[in-house]
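Hello,

Here is the structure I promised to pass on to you. My notes on what turned up follow below it.

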Amino acid sequence: MNRNAHMIGSLSPLLEGEEKLLTPIYGTLVQKKRRWSGYFGLTGYHLLIALLGENGQAVQWSTRVPLEMRNVTVKKGLLPLQYHIRMEFCEGEAGHIVASKKVLGLENQGKNLKGFLEFLQARSG
């Protein structure tokens, strides 16, 4: 299975009703001192997260997070084409995703990342 199909296949089960998957990306979730690689997607009202296991194939954990945010901060990373996305939700812990514009096997990563960032920034307070 190619990587793009794996990403879509990992996020699609999280959709409910008539929701559509918008701008799926590959990135790293950073919380405290832990890092988890995975796929992130958006619907009109939720952030979808599918974190991968150490082998990078099987989904180990997935969830839907309501997009009720106070603030979104996007900063360019030290590495070229890398972005740090910090989301402060109205409830619960803040989220920090590190994503690159280019990912091997994901041709639409750059375009999807741009749409992902624009959508989040438009939704933030």
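Where does glutamate 93 lie? Glutamate 93 is in the loop between E6 and E7; helices (H or I, at least four residues) and strands (E, at least two) are DSSP runs numbered from the N terminus. Before going further, please keep in mind that this is a predicted model, in which local features need pLDDT of at least 70 and side-chain atom pairs count only at pLDDT 80 or more, while totals for chains, interfaces and linings use all residues. Residues are numbered from 1 along each chain as its sequence is written, and side-chain values use heavy atoms, with hydrogens and water left out.

Glutamate 93 counts as exposed at 52% relative accessibility (buried means under 20% relative accessible area, exposed over 50%, partly exposed in between, with a 1.4 Å probe and protein chains only). Its C-alpha atom is separated by 23 Å from that of serine 10, 83 residues apart along the chain.

Next, the largest pocket. Its lining is made up of 17 residues, and those nearest its centre are Gln31, Ile49, Val65, Phe89 and Glu93. Strands E1 (22–31), E3, E4 (59–66), E6 (82–89) and E7 (95–100) each give two or more residues to this lining. The volume of the pocket is about 220 Å³. For the method: on a 1 Å grid over the protein atoms alone, a pocket is an open set of points where a 1.4 Å probe fits, with protein on both sides within 12 Å along at least five of seven lines, and lining residues have an atom within 4 Å of a point. Grid points are joined across faces, edges and corners, and a volume is the space filled by probe spheres set on the points. By type, the lining has 11 nonpolar, four polar and two charged residues (Ala, Val, Leu, Ile, Met, Phe, Trp, Tyr, Cys and Pro count as nonpolar, Asp, Glu, Lys and Arg as charged, and the others, Gly among them, as polar).

Now the charged pairs. Side chains of opposite charge can pair when their charged atoms come close. There are three salt bridges in the structure, each a side-chain nitrogen of Lys or Arg within 4 Å of a carboxyl oxygen of Asp or Glu. Glu16, Glu19 and Arg64 form a network of them. In the pair of arginine 64 and glutamate 19, the N to O distance is 2.7 Å. Arginine 64 belongs to strand E4 and glutamate 19 to the loop between H1 and E1, so this pair ties together parts 45 residues apart in sequence. For glutamate 16 and arginine 64, the closest N and O atoms are 3.5 Å apart. Arginine 64 is buried at 19% relative accessibility, whereas glutamate 16 is partly exposed at 48% and glutamate 19 is partly exposed at 23%.

The remaining pair is lysine 114 with glutamate 118, at 3.6 Å from N to O. Both are in helix H2 (residues 109–123), four residues apart, about one turn of the helix.

Finally, have a look at histidine 46 in strand E3 (residues 46–52). Histidine 46 is buried, at 19% relative accessible area. Its side chain makes a polar contact of 3.0 Å with that of arginine 64 (a pair of N or O atoms within 3.5 Å; within protein, one must be able to donate a hydrogen and the other to accept it, and residues adjacent in sequence count only if both atoms are side-chain atoms).

Best wishes
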